[in-house]
Amino acid sequence: MAFFVASILLILIGLYAVLVKRNIMKIVIGLSLMDTGVNVLIISLGFIRGRTAPIVNIKDLLVNTSSKVVDPLPQALVLTAIVIGVAVTAVALSIVMLMYSKKKTLEIEEYKELKW
Amino acid sequence: MMWAKIFYAFLALLGGIAYGLFLGGVSRKITARMQNRRGPTIWQNFIDLWKLFRKKTAISHGVMFYLAPMFRLVGGAGTFLLVPIVVGNPYLSNFSFGGDLIVLMYFMVLGCLGMALGAAESGHPHAPIGVTRGLSQMAGYELPFVISVVVLMIADKTTSIEGIVRAQQGGILHWHIFTHPFAAAAAFISLLGMMGSYPFQVVLAPQEIAIGPPTEYSSTFLSYMFSGRSVFAVAKYLLFMNLFLGGASNLLWAFVKTFVIFLWPLFITNVFPRFRLEQSVLFFWTWPSLFGLIDLVRIYLVR
Amino acid sequence: MEILDKLKEKFEILQSQEKRKDLALVGTTEKDLIPLLVYLKEYEGYKTLVMISCVDWIEEGKFELVYNLWNPSKKHNILVKTKIDREAPKFQTIYKIWPQAEAYEREIHEMFGVDFEGNPTQHEELILEDWDDIPPMRRDFDTLKYSMEKFGEREPKSGIIIRKQISEQYDEWRRK
Amino acid sequence: MGKDKNYFLNEKPEKMTYGGVFRKINDWARARSLWVVAYGTGCGSIELRPTFTSRFDAERLGMRMVGTPRQADVLIISGYLTVKTLKRVIRVYEQMQSPKYVVALGACPINGGMYYDSYNAINRLDLYLPVDVWITGCMPRPEAILAGFKRLQGLIDSGKADGWKKYIENLDWYRENQRKIIKNWRMPNYNW
Amino acid sequence: MVNPIIIIGVTLASAFFIGILQVYNRIWARVFFLLTLAFDFLVSGVNFYGFITGKIAKPILVKIGGFPPPIGINLLVGKAEAALGFLIFTIALLGAIHWFVRGLPQPEGKALILFLLLSLGATGISFTGDFFNLFVFVEITSIAAYGLVASSKDEKALEAAFKYMVIGSISSTFILLGVVFLYKATGSLNMLDIAGKLAGGISSAVLALITLMILAGLLIELEVFPVNGWALDVYQGADPVVVALLAGAAVKAFYLVFVKTAHYLPLPSFFHLALLFGGLTYLVSQFFAWRQKDVRRLLGYSSVAQLGLLILVAGFFLNPSVSSSSRLMMGLAMVLLVFNHSFGKSSLFLLADNVKERKIEGWRGVLASNPVFKFSFSTSVFSIAGVPPFPGFWAKILLIFAIPRNYSWVVGLVLLGALAEVVYYFRFYRIASEGKGKKVGRNLASPLISSLILIASVPVVWGMFTDKIHIPVKPEILLLLGISLLVYFLGASRLLQWIASLGVLAYGIYSLYPYIKPDLHGFFLALVLFGGAVLLLATYPGSKKLSSSFYPAYLVVLFSMAGLVLSSTWLSVFVFWEIMSWASFLLINMGKGKKAAWIYAVFSAAGAYAMLGGIYLLPSLSLAPGKFYGLLPAVLISLAFLVKMATSPLHIWARDAYGESPDEFTPLLSGIMSKMGVFGSGLVFLYVLTALSGAGFRYLLGWAGALTAFFMTLLAVFQDDLKKLLAYSSVGQVGYILIGLSLFTPLGWNAALYHTVNHFIFKGLLFVAAAGIIYRVGTSYLPHMGGLIRRMPLTFFATLLAIIALAGIPPLSGFAAKWLLYSALIEKGWIFITVVAFLASTLAFLYCFKILHAVFLGQLQEENENVKEAPWPIALVEVILLIPLGVLGAFPNLLLNPINKVLSGIPGMENPGFHYHKALGIVSKLGHWNAFFLMVFLVGSFLLALVFFALTSARIRKVGQLDVGYSGEVPRAPEDLHFGYGLYDHFRRAVKWLIYPLVSKIWRGIYQWIGAFAEMGRRIYTGDVNTYAAYVILISIIILYAFTGVK
């Protein structure tokens, strides 16, 4: 249960960074924080008290594993979610790099040309 | 039967032209007397007409210029013939079977518009100036006249002149001048505009635009216009007699009543200076129209 | 008049005379005339140019141009005169200073033949249309002969010389 | 139509008969209703004002002032004529419709009057226009003018007032005289 | 049937292969890229074709990795998914073509890969049947989109990409959370499986919350109102090809998923959610685009609005309480809207890429120089704005009639939005078509798309007229409309086109002749056909620079009017009314006044949409006298007709539209098209209002007609342009017809129908004569004409008779209408209206004289010296139209008898209110008028006077033009004497207070006010990422809170 609350907190922190910070690098960091928060949340959803990780590598887990193992599906989902989070952060950083090369500043005020 | 009607109508037309010229002579005499001078003989208009008619040479500016006097004469004569002199009498009701009051109101314009086009083709700037002034002033005095005519039509529930005259039979008090005084007032004020007499003498304005539209007309053309205008005047007097003074039971009464109506614009014309055009239009759209509206509302409420 | 003294210092005044309390006369050279006029207009308040007239001194072979100015505030008139050569009468226009001068100069040109450079309409006919002789106001122009020849011989009563007859009557009248 | 084309009556109007059964009546009517063109050419036109208004009232004779030469019968030359005014007077005269009459007031049209030696004023009017009635006086008073009009009416009645016929018949003589003093008929544009 | 997994597999593989190949040989990489796209296009095409022709009955289920649905991930490809797949790859292929034509952004390889990934992602989103798989494809599409948007490397693009990335990640976070919680709640990820579990509708609050979280994520992607700041910046900043792919394809995939999610997770309050956000976005974005300066941002607003509309449609489509027939129509409307928007919008974005200018002002004159650009630009703009033949128009009709009766206010909202769309799109079209010419880049893709739109609209039109909505129409009309479009291809010489169109019209008359029966429809059909034929005759020697598409548009207008008149239901009235309005807009746009055409388009669109709203409110669509359907439908429907008749408050478009339209078209516009307004108003009085109930409304219309007659005539007096003067006078005369109609008495309708024919004759004649004059003199400015009677005598005679008829002076036919009208007015007792009508007809004399004097009489100017008579076709038409004026003047019963026959068919109009008396002519209860006698009397006495004059007159001498009494002076030139300018300045001083342009000031005020409101409203998009993110969070909280309440 603690994991659940922690992940929500993590997401909120990330969200706070995105909403308030004026520095685009900090916004990207906020985003990745939110992403990890979500991943932790997914894992905590699948957690059943008193069971172990669904890695069937030791013998005693081979028989009726379904009762001894935590729900394996969220684990699988998280794997792809992490990969996607990495991809998104990579693209985001490349965009930030290009923006910095163009205007030599990370201040969000400079990037408000498109409005109304 | 039709040929007899036409013959009598032709006689009535000649009588109308003569009466018009006579009234013209009388008006010149009265105007002279009011200006403390002897003035011409009563028959002066006849002499002028004859002189113009027998002039030796004339000039023409084009086809429309050439036809305009005929338009004027035919327009005047047509208006005269559409108005019955004595209602009911087969010989003196002219061609009133041809059309009712609405036809007459549109017919009055034919003569003026025809003459206006001929004068405009003369190429002299005075002509269009005079015509535009005349038409604008017509827009002015047409409003009170229309209001009073509509009042009569709605009151008597007919649009034919005979119907209106029959509605006024039976004693002086039935005449529309007494039953609808305000409408009559509006109409008589607009009569001043129609006659083009002095407060509204904008069309011919001798001082400003040298006789206005007929500037370039001469000799025989002018005689046709002259007779057309005088018979047109008589037609208006007859119309007002039929609309407001209960029509005439016989020819004598017709002369008397038309002469009275003839005197009304005459006295006004000799004592007033000339309005500018916008003053005359605004005058017509305010005071006489208000009189007319009073009667119009009265009719609307009564109905 | 102090106005005349003031002018004397500033301009080369050939002749100055005070004809009446409200009328003075000043004669200057051809060169000094226009500056004098401008000075009078701007500084002395002679706002109005009443008229320009021309006198034909045939004996001296000179035309005399007289400019009449009027000072509305002081109610005072001043005549400014100059003499120009008669054979080739030429003078500058003052049309730019007083616009109405254009018409005056045009008339003088028509009547005397004085050529005002710069006047835009001086060659247009003003009064004499179709004129075919020397300018009529010149003293060497005989109007009677021109009139008789152009407008037709008037049948005079026999033996009467018109010009003499009128002048005699005039003398008798003066003597009475 | 060039700008300065000459719009004058140059071709000769064909002859006109002047007789017929109604001539007496027509002449009677023409005499009784003379319309004068309101064109004051000289100092005499101030005399016409009292003639036509209340004091002397020429309307008694059936005379009326009209604005345009087209409708007029009588052209009153009321004073000296310079070359400039003569041009306009001739043009007005030609715009009038015949039968038309000319009345000359004052001494100047007769023999140049006091301007006999002027370089500008003409000496004899009837060299240029046919004149029916001369009214002498260095500007005749309205009574004299009215007498003149009565005389004109008499002439018209008797059919002798045929100045307009004379003008048509020997137009060349008149034109030749006119050309002597009028070089060209183009008139300057006085827009000042 | 090809297994859809191939598309995904092949595209993915080739994307990475290109990455490698690109290093060695760039050309090969490009070829390979195009090959993959073509392959995908073919495969999706085959699937789509299979579904369309029914070969593939049920949806294809693809099990990935062999696992059955609830466990393994699977692709579920139904009819909608196949269609969307095909759409995505079509747009992608066309976008790619444009890229190659225009030049790829550097670095080339990466752009190609991202392009493939984007299209792959979009297809994946629509195909997948599993929620988590959906999240994965959403992420693939988003990442590819971030990359592509950033690929053009200028500040604007980078800024847009950054904002897109920030908001995109937030929305995908929402989706991911939703999906996972969904798994937690339902224990499954497969869509069908979950749908099975929640078939009974979501009862628990938690489930509702979860569904809303997913929907919120999707709504952010679907650019809903407050949160679409990022989308607008992307549309404005990014490379137009990318935007075309995004707006055209990617967003549609999200939309499909949004509909499927809402379908599988049946949330009770979903309908209200969709209604709120869809409607809000649609309406607000349309008005925000009102005064947009930047072209791409304007297109952005328009595409956001279209998406809002689609969300609204989805709301109704999935609403359980909606009847099955309207659900079918809503579905059809959805499909049409999706296709129409994708094609139209992507083509517009590609065109925007061609013109380097960003600001609208820069686009001035773009259409003038290159026809291909003009074709594709016009087709795309018209199809999006909902102009008839294109699918957008039919979608709008289906949408309107699918909305259930208790949500009628939504119809109002949709129509208002559509009107706003017309305003700003046609303002854009006006600016583009004004000005001389401007070079534009080469573009191959958008003409392809535009021709696709044209091809696609043919089956849609066929469908609409045959089965779906079944708008009953005479087959000849459709055939004739088709043929008249073919005339365009004879574009060689004007003469050939003229003769061809005459032939087509003759065939049209031949085929439609049996329909001319003695009823209201037959009467107006005769007017349209025969009147149109006469006016078409006069169009031949048109002005040099008239475009070659004049005659097809002219024929389309004619036959659409014929269709309108023959229609038996209100819907077909609306359809042909729209075809007529837009075809006439094209014709007016060919004249010199583009602004006039724009105002005309806006007003007629407003009228048409009001009519559509009114028709929606009618219980039955058939043209049959029903009971009183209430005032609102009557007012709304008659609004369209009043606009066309330019009645007083709605008249401001008339002067410039008539004045600046091509001279050849104006006779038709004023002669016949304004009569369609008369026909419509007649229908409204007959079939919507019953005699008793509509009295108040008719009295109001009577006053409107009277005031129109008065003010328009008064304004006509002071006009100095010939055609504008005739325009005002034409509108004024139509005011009289409106008075006659609104009397609703036999005599009144007699007057109205008589005046309809009369007005066609003399107004057609006047405009044809005006065309002849302008053709010869070169200008329509009155003071430059004068004295033309000497050069154009026939035109003068024709104009003279037309003017006498117009003024209503007795001998000619015009008077009959006036006499009938006044008798009817007095008989009915509307006395104040009679007075105003009389005064108006008196004022008519003023401009009658002005026309004749300023053009024909007075002095002939020097420059008009060698003007010849009007060209022979115009002279011929003048003579043709002259004859009826005289004949009808003498024998009015020639026209009154057929009108009586027409009216006798209508209940309550049997006795005509007058009869014929041998001696007195026409006798009504009130008065009499003997037309024949008056004509004989006038002509006879005129000839008599003429002969008497000729015999006794003095010798008359013809005198030159300048020989006038000019106080002795000689006038130097004609213009010294000609008085053609400021003829009524003295009258203007008297009525200055009456002609103050109050109404046009009000309309301009409204336009300005809405513009200002939109200007203020747009300020919420501050361009700052933080505020955008704040909006997103705020809105999602609102969604989660407000809509979980399980009602």
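The centres of domain 1 and domain 3 of chain E, taken over C-alpha atoms, lie 62 Å apart. This is a predicted model. Chain E also meets chain B, in a contact that takes 67 residues from chain B and 60 residues from chain E. Chain C holds an open sheet of 5 strands.

**Domains of chain E**
- Domain 1 of chain E covers 269–470.
- Domain 2 of chain E covers 471–912, and domain 3 of chain E covers 914–952.

**Contact of chain B with chain E**
- Chain B gives 67 residues and chain E gives 60 residues.
- On the side of chain B, the elements that give two or more residues are strand E1 (57–60), helix H3 (63–82), helix H4 (101–121), helix H5 (126–156), helix H10 (219–244) and helix H12 (277–302).
- H5(B) supplies the largest share of that side, 16 residues.
- By class, the side of chain B that touches chain E has 40 nonpolar, 18 polar and 9 charged residues.

- E1(B) runs parallel to strand E6 (residues 955–958) of chain E, and 4 bridges join them.
- Ser60(B) has Lys958(E) as its bridge partner in E6(E).

- The axes of H4(B) and helix H32 (residues 814–828) of chain E come within 10 Å.
- They cross at roughly 135°, so H4(B) and H32(E) are oblique to each other.
- The crossing of H4(B) and H32(E) is right-handed.
- H4(B) makes the contact with Ile102(B), Val103(B) and Tyr106(B).
- H32(E) answers with Phe815(E), Lys818(E), Trp819(E) and Tyr822(E).
- The residues of this contact divide into 6 nonpolar, no polar and 1 charged.

**Sheet of chain C**
- The strands of chain C follow the order E1-E2-E5-E4-E3, with mixed pairing.
- Strand E1 (13–20) and strand E3 (48–57) of chain C are the edge strands, and each pairs on one side only.
- Neighbouring strands of this sheet are turned by 20° against each other on average, direction ignored.
- Strand E4 (residues 62–71) and strand E5 (residues 76–85) of chain C pair in the antiparallel sense over 10 bridges.
- Tyr67(C) stands opposite Val80(C) in E5(C).

**Helices on the sheet of chain C**
- Helix H2 (residues 33–42) of chain C packs on the sheet and touches strand E2 (23–28), E4 and E5 of chain C.
- The direction of H2 of chain C makes about 165° with that of E5(C).
- Helix H3 (residues 101–112) of chain C also packs on the sheet, touching E3 and E4 of chain C.
- The direction of H3 of chain C makes about 15° with that of E3(C).

Notes: Residues numbered from 1 in each chain as written. Chains lettered and ligands numbered in written order. Predicted model: local features only at pLDDT ≥ 70, side-chain atom pairs only at ≥ 80, totals over all residues. Contact = placed C-beta atoms within 7 Å. Nonpolar A, V, L, I, M, F, W, Y, C, P; charged D, E, K, R; others polar. Pairing = 2+ DSSP bridges. Domains from an automatic or database assignment. Axes fitted to C-alpha atoms, helices over the stretch in contact; angles between N-to-C directions. Parallel < 35°, antiparallel > 145°, perpendicular 65-115°, else oblique. Left-handed = near helix turned anticlockwise from the far one by under 90°.
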